[in-house]
There are 2 protein chains.
Amino acid sequence: MSQNPSHRHAPEGDLVLTAFEGVVGAANLLATVGDMARYLVDARGRYRGAALCVVRPANTAEVAATVAICARAGIAIVPQGGNTGMCGGATPGAQGRSVVISLERMRSIREVDPANSTITVDAGCPLAAVQEAASEIGKLFPLSLGSEGTCQIGGNIATNAGGTAVLRYGPMRDLVMGIEAVLPDGRIWNGLRGLRKDNTGYDLKHLFIGSEGTLGIVTGAVLKLFSQPAASAVALVALPDVGAALALLERIRCEFGERVTTFEVMSDSEYQLVLALRTELRSPLAGQAPWYAFIELTDAIEALDLRTALAETLGEVMEAGGINDATLAESGAQAENIWHIRHSVTEANLKAGAAVSHDTSVPVSRVPEFVAGVEDGIRTRFPDAKSYFVGHIGDGNIHAIAIFPREKFLDPQRFSEVAGEVNALVDEVTVSLGGSVSAEHGIGRSNRARLQRHKDPIELEFMRQIKRVFDPAGLMNPGILL
Amino acid sequence: MSQNPSHRHAPEGDLVLTAFEGVVGAANLLATVGDMARYLVDARGRYRGAALCVVRPANTAEVAATVAICARAGIAIVPQGGNTGMCGGATPGAQGRSVVISLERMRSIREVDPANSTITVDAGCPLAAVQEAASEIGKLFPLSLGSEGTCQIGGNIATNAGGTAVLRYGPMRDLVMGIEAVLPDGRIWNGLRGLRKDNTGYDLKHLFIGSEGTLGIVTGAVLKLFSQPAASAVALVALPDVGAALALLERIRCEFGERVTTFEVMSDSEYQLVLALRTELRSPLAGQAPWYAFIELTDAIEALDLRTALAETLGEVMEAGGINDATLAESGAQAENIWHIRHSVTEANLKAGAAVSHDTSVPVSRVPEFVAGVEDGIRTRFPDAKSYFVGHIGDGNIHAIAIFPREKFLDPQRFSEVAGEVNALVDEVTVSLGGSVSAEHGIGRSNRARLQRHKDPIELEFMRQIKRVFDPAGLMNPGILL
C-alpha cells in the first residue's frame, strides 16, 4: 500500500484500504496510480478507467474476505482475469470508486483426475497452463483462443469464451463441469462438482457462465478433458461464394463426422488485406477466389489417413464445380503458414484503416443472407468503406468488418457516430435473420446499448430480476452487461 | 366437458372450466374422473393424483391462454408430457385443486434445417418422432431412453433426460439450442434461437432445462442434430471387479476417442437376476464373472473396422489380465441379444422382490468406492437384502438397488420406512464421495426430502429465490422439486 500522501484517499477510503491490507498484505494491495496502471486498461488499450485500489488475493478465502469488506462498505467490485476481453468487461469505469479484484495470483492446478477426465483449477490459471496440465496426462483441454497465454480460466467462464475449436468441442459453457464462486455478500459457493450428470434442481453454474462478473466472482472450476488428437489434416480451399462454403461444410461433415474440428472462412477482401500487409506470408493457392475456407480435421486415433481422405473429397467436390481450388498442408510448417494467414486478420485490419468490427451469429444456414445483406448495406450506405468477412462459419459466427480510410476520421467523435450507424446496419440484418449481436465477445461495457435495443424484453426483465437476486446492492461489476 | 351433474364442481370452478373450454374446445377439456384417469397416474403406476380438469391445448397460444386463466384464478398448474418420469413430477397431487395441461396434441415438427443441423419441434413431440425426423434427413438426434416411444421432448427438457448415449453426446441439456416457453403469467417467451453461439447475458434456457415444470411450460425447442453413425461394434466383457471396468474404459477411450458411445456396467448379481427371470435370454459368455461391461463404439464413417479393432484391444487387455473374457457381436441379432440383457434390468428387479433403487452419480474415478461402500453397508445393516448394480459408469452414474424378499413387506408403510433407511445409507456414501443423489431421474415429488437434506443450502436458497422471480404466486407444479 502506498504511503505517499499525494495518493491518499478520503479517510473512510483509508479505513477500507487498511481492511484490504489486513486480508492480502501490503504487497498485494495496490493503490498508487503507477502500481495500478496495468489493471486500469484492457489488453488492447481500448478501455481505460480508474479505481480506488487493486486487491490481489492469494486464494478463495481472501477473495471472500475482500468482497465482504466491499459489501459492508458499499464499494463496487470489478473482477479481473487476464483483462483480454473485447468489450471492456474487466476494466473499471472512469469514476474511480470501485475496487479491482485481480485473480492473477490464484494460478494453482488444484487437482487432476484422469479417470474422471477432469481438472480442477484456480480461476486465475492462464488458459495455456490448463492446456499444458491436460497435455501432461495425455489429454486435451480444447478451448483455444488468440489470447490463451494471458487470458484466465475465470475470465473464460465469465465471458463464455469461444475460439476456433467450438465447432467440435463447444464454447467454454460446454467445458465447465462445476464452479466455485464468491457471492456478492462474501459467502463462498462451492459448486466444484466433477459430475457428468446431476439433476437436482436449477443449474446455477450456467447462470454464472457468461455473466461477466455481475453475479459474483468465479474463483475455481472443474473442467472437462478429452482425448488428445493423434492425427490431423489441414486444408485451404478457394471458393466461388460463401454458399459454397456451407455446402462444403455439409459434405465434409457427412464424410468425416466429428473429426471436423475447425471450419473457418474468409472473404477475398480480407485475404488480400492480410497478404498485402504481411508480405512474409505467401498464399499457398495459385490464384484468387471470392472466398476461402480453412479446414482442420483431427482424430484421436490414426486409423485413417485423414490427409489423403480429405484430398480425395476435395478433389471430388472440385470435379463437381463446388470449389475453385484447394491445397493440403503437407507438413507442420505448411499448416502453420495457413493458420498464420487466418490469425493475422486482427493485425491486418488494424493497419488497414478505421475499422468497425462485428461479432454476429446467425443460424449456419443463414450465413449467405447475412453476408449479402451487410455487403449491400455497406456498399450503398457507406460508399467510402469496404466490407471484409472472416469467421467461424460452422458456428454461424461471421465477423463482418467495415474499414474506412483513416484520414476520414481525424475526429474520434465522428468515427464513433459512424461506427454506431454501421453497427445499426449490421444489427438490423442480424436480427432479421434470427441472429445475435454478440456471438462470442459478450456485452461488457461497449455493447450495452445494443443489448437493450435487440434483446427480447422478457429476457431483459428476467436478467434484471436475477441480477437483483444475487446482487441486490448492485456492487458486482456495475456498468457491465446490464 | 362433462355435462353430467354428478361430476360438476363448485360454481367458480365451473366458470373456470367454461373459460378453458373457450380456449381449447369441449373435446379437449376433460373433467370427468373417467376421462381424466390416464392423466392422473404415471406410466409406472407409482404416483396417483386428482385434478380439477385436464386441458389439452393445440398450440402455444392455447397453452398461454390456459395458463393466463389459471394465473387470474389462482389455480395451480401441472404441465404434463408423456408422464414417463421416475419421480412423479408430472402427476398431480391428491388434493384435486390443480389443472393438468397436457402437451400431447402439440406434436408438430416445426422446421428442419439441415445446413444448421437443427430441428425445431413442438414440446409434445414424442422423442422417437424427433429421432425419426432427424433420420429422414440423414442425421441423428442422439437422446435415447427406454421410454422414447412415449416420452415427449418437453418432458425430456424439463427433466434434463439422460439415457445410454450421454457418454458421447451429453444429456438433453447439451442437445437443446433454444426453447419457447409459456411463463406462469401466461406470456410467451420465444427463445427459439438456432444459434451455436450467443453471448448476450444470462442463459435463461439453462434455468428451464431440468426445472421440472416449476418455472413455466416449455412449448417448443430447437434441438441439435449430429452425423448418423455408419459403423458400430458391440461387445460384452466379463470383469474381475468394477475397478477393471474403469481401467478398460480409460484404455478404450485412449484408443477410440469419441467413438465410445456407450459403456455400461452390471454386477453379476444383476446379470444372474436377468438371466434367471428372462429364460429366453442366453449369456453370450462362457462362465460367470463378478462384473460385466456393455460397450458400443460408433463412427460416422467406415474408415476403420471397429469390430476387429475392438477385438484386438480386448484381446490385449485380456492377455494382461485386465478382463476375464469378452465377446463381440457378429451380427445385429447378437448385438440385440446383448442389449436385451441390459434393458431387462427394470423388469427383472420388479419381479425379484421389494426393490429400493437409486440414481446416484459420483466422479467416474470414485465409482469403485461407491460400490464398495453401498455393498458393505447393505450387507451389514440390511442382512436380508441383496445389492445389485447397473448403470452408466462412463457418466459416473451407477444405479444401486437393494432387493428384499417380498414377503418381508406385507405392510407398505414398513417398506416405505425401510426404503428411507436404505436411501439414507446410499446417500451418505454418495455425499461423502462428492456425488449427487439424483443423476438423471430428477427430484419430482419423491426426492424432495433428499434434496433438502443434501443440497448445498446456498444453492437451495438461490433456487427458491429464482422460483419466486418466475412464479411469484407459486402456481407452477407445486409440490415438485422445491
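Modeller: Rings of Phe, Tyr and Trp (its six-membered ring) are paired if their centres lie within 6.5 Å; planes under 30 degrees apart count as stacked, over 60 as edge-to-face and the rest as tilted. This is a predicted model, in which local features need pLDDT of at least 70, side-chain atom pairs count only at pLDDT 80 or more, and totals for chains, interfaces and linings use all residues. Residues are numbered from 1 along each chain as its sequence is written, and side-chain values use heavy atoms, with hydrogens and water left out.

One aromatic cluster is formed by A:Trp189, A:Phe208, A:Phe470 and B:Phe462. Over all chains, the search of the whole structure finds 20 aromatic pairs. A:Tyr271 and A:Tyr292 form a stacked pair, 3.8 Å centre to centre with 15° between the planes. This pair links distant parts of the chain, 21 residues apart: A:Tyr271 is in helix α9 (residues 268-277) of chain A and A:Tyr292 in strand β14 (residues 291-299) of chain A; helices (H or I, at least four residues) and strands (E, at least two) are DSSP runs, numbered from the N terminus. A:Tyr271 is buried, at 1% relative accessible area, and A:Tyr292 is buried at 0%; buried means under 20% relative accessible area, exposed over 50%, and partly exposed in between (1.4 Å probe, protein chains only).

A:Phe382 and A:Phe404 form an edge-to-face pair, 6.0 Å centre to centre with 90° between the planes. A:Phe382 is buried at 6% relative accessibility, and A:Phe404 is buried with a relative accessible area of 2%.

Terms used:
Chains are lettered from A and ligands numbered from 1 in the order in which they are written.
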